[in-house]
Amino acid sequence: MATKKEMEVVKGVDLKRYMGRWYEIASFPSRFQPKNGVNTRATYTLNEDGTVHVLNETWNDGKRGSIEGSAYKADPNSDEAKLKVKFYVPPFLPIIPVVGDYWILSLDDDYQYALIGQPSRSYLWILCRKTHMEDEIYNQLVEKAKEEGYDVGKLHKTPQTDPPPEEEGPKDTKGIWWIKSILGK
């Protein structure tokens, strides 16, 4: 069985520049997100202690579902963009910590688009500062993912509206989206 090479990650990311809102342009389907989610986005805010506050939001059946967590460097002494993200689930009763990898595989010089993955190659995200991305850039990121050993045939484009939804929409306070996503709906 052939061993996949270690993925190449970005080095020297300026976390302050990386902060802010990112829109999900495409991703691998995940049991942590509803299958029919739209306008999915992440907002990152730098905390005083150097960790990052993470707010992931998606809209499902007109309601906003969200989960908050934190991110931190996997190795504080490395300049590689390998982060750990931690969420507590379920979102409506956050008691179980879930930790995952967040590796920045590609990032443009202006911090306008990024390719995010993790070592098992089970998860992949294409993110952009805008709700839509030029096809040429999208195709370059897909090619980079392919070079890193991802099965890009699993990529699913995320519907985004322009303009994006208001900051606060009707909330899914019961976490129904999360339960549905665990059940594969």
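Ala, Val, Leu, Ile, Met, Phe, Trp, Tyr, Cys and Pro count here as nonpolar, Asp, Glu, Lys and Arg as charged, and the others, Gly among them, as polar. This is a predicted model: local features need pLDDT of at least 70, side-chain atom pairs count only at pLDDT 80 or more, and totals for chains, interfaces and linings use all residues. Residues are numbered from 1 along each chain as its sequence is written, and side-chain values use heavy atoms, with hydrogens and water left out.

**View 1. The largest pocket and its centre.** The volume is about 680 Å³. Of the 30 lining residues, Phe-32, Gln-33, Asn-56, Phe-87 and Trp-125 are the closest to the centre. A pocket is an open set of points on a 1 Å grid over the protein atoms alone, with protein on both sides within 12 Å along at least five of seven lines; lining residues have an atom within 4 Å of a point. Volume is the space filled by probe spheres set on the points, which are joined across faces, edges and corners.

**View 2. The lining of the largest pocket.** By class, 17 residues are nonpolar, nine polar and four charged. β6 gives the most, with five residues. Strands are DSSP runs of E (at least two residues) and helices runs of H or I (at least four), numbered from the N terminus.

**View 3. The largest cavity.** A cavity is a set of grid points where a 1.4 Å probe fits but cannot get out. The structure holds one of 30 Å³ or more. The largest cavity has a volume of about 50 Å³. Its lining has ten nonpolar residues, no polar and no charged. Among them are Leu-15, Tyr-18, Met-19 and Tyr-102. α1 (15–18), β3 and β5 each supply at least two lining residues.
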